[in-house]
Amino acid sequence: MAWWEGVEETRILIAPDHGVKENGTGCLLSLRHPKSGNTTCFLYVNELLEEIHWFKQSYSSWFLGDYVTEDGRLYSATPVDPVFIFLPIFEEARMKKGDDPGKFRQLDDIMFINGYPEYLHLLSVAEKSMQVVCEVKEVGSSKFFRLDDSKVLAWLYHKVCQLKKTLCTLDKNYAAREEKDTLSDAVSILGEYLKDEPWLKLLCDHLKLNFAEATRKASDAEKPPLSIENNFDSISQDKTRSGAKNTRNGKQAKKPKVETESRNIKDMFSKAIKRKT
């Protein structure tokens, strides 16, 4: 029996090698994007969370052995810090009003999101990762979490410092730039995973950066590329962005059905992940 027989759809996915054992499995989760709130596909394996992206040239296919797969897209799974994913959920859960810091809530209550039951797969991840940005109280065997603004700001500042150092190692041109410009670029990159209010504004105020410029840069980074041939684009793009006109040789590109596409991709990869080699 040939290796492709019985496979309805074959796709190419590039992902880190997690050393999953033969009987180990990963799963695909539909979660809300922390910036836009749109449904986004994530790969969850070995307690690591990765965002699924895809890249496609206008006309392409894959040759896999003696088999040709019509879909020429290249999918990739990139690690993402789960704190970014949980931050808007914990912000909503504390129900903060004015100067009131909000309420302590149990993790089960915080992670119960209508329409997104798969957050409950991440309870253990949330318990470990969110303690860095939350106040935690233990009552008997129960833990109660409440987001803490000062801890979130300290965590974000640490992320900015790490990213600023990384940018300088990736591109020598950054070494010739003013530190404030590099800092602004680092904040705008983080801004792709942060809501403008309160976190991006809070971070800009702390670093004495122009908030309007940071939001503009983050917004520009989210816009659909002029040419889809040399850019990665999130599966979770909203209908407005996915429906933007991309032309090639004067012809208008077809509007992708994003919600259907996301579900199909999830179903397709779920089958592949669970299939033993």
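Helices here (H or I, at least four residues) and strands (E, at least two) are DSSP runs, numbered from the N terminus.

Some ground rules. This is a predicted model, where local features need pLDDT of at least 70, side-chain atom pairs count only at pLDDT 80 or more, and totals for chains, interfaces and linings use all residues. Residues are numbered from 1 along each chain as its sequence is written, and side-chain values use heavy atoms, with hydrogens and water left out.

Back to the sheet. It is open, has 3 strands, and runs in the order β8-β10-β9 with antiparallel pairing. The edge strands, β8 (105-106) and β9 (134-139), each pair on one side only. Pairing takes at least two bridges found by DSSP between two strands. Between β9 and β10 (residues 142-147) there are 6 bridges.

What packs on this sheet? Helix α1 does, and α1 touches β8, β9 and β10. Contact means heavy atoms within 4.5 Å. The direction of α1 makes about 95° with that of β10. Those axes are lines fitted to C-alpha atoms, for helices over the stretch in contact, and angles run from 0 to 180 degrees between N-to-C directions.

Now α1 itself, residues 82-93. At 1.5 Å a residue, its 12 residues should span 16 Å; the end C-alpha atoms are 17 Å apart, which agrees. The expected span is 1.5 Å times one less than the number of residues. Of the 12 residues, 10 are buried. Buried means under 20% relative accessible area, exposed over 50%, partly exposed in between (1.4 Å probe, protein chains only). Among the buried ones are Phe84, Phe86 and Phe90. At the start of α1, a side-chain oxygen of aspartate 81 comes to within 3.0 Å of the backbone nitrogen of valine 83. After the helix comes methionine 95, with a positive phi near 55°.

On to α4, residues 149-170. Its 22 residues should span 32 Å at 1.5 Å each, and the end C-alpha atoms are 31 Å apart, which agrees. Its buried residues include Trp155, Lys159 and Lys164. The buried residues of α4 pack against α1, β10, α5 (179-190) and α6 (196-207).

Last, a cysteine in α4: cysteine 161. Buried or partly exposed? Cysteine 161 is partly exposed, because its relative accessible area is 23%. Its C-alpha atom is 9.5 Å from that of valine 187, 26 residues apart along the chain.

How values were computed:
A polar contact is a pair of N or O atoms within 3.5 Å; within protein, one must be able to donate a hydrogen and the other to accept it, and residues adjacent in sequence count only if both atoms are side-chain atoms.
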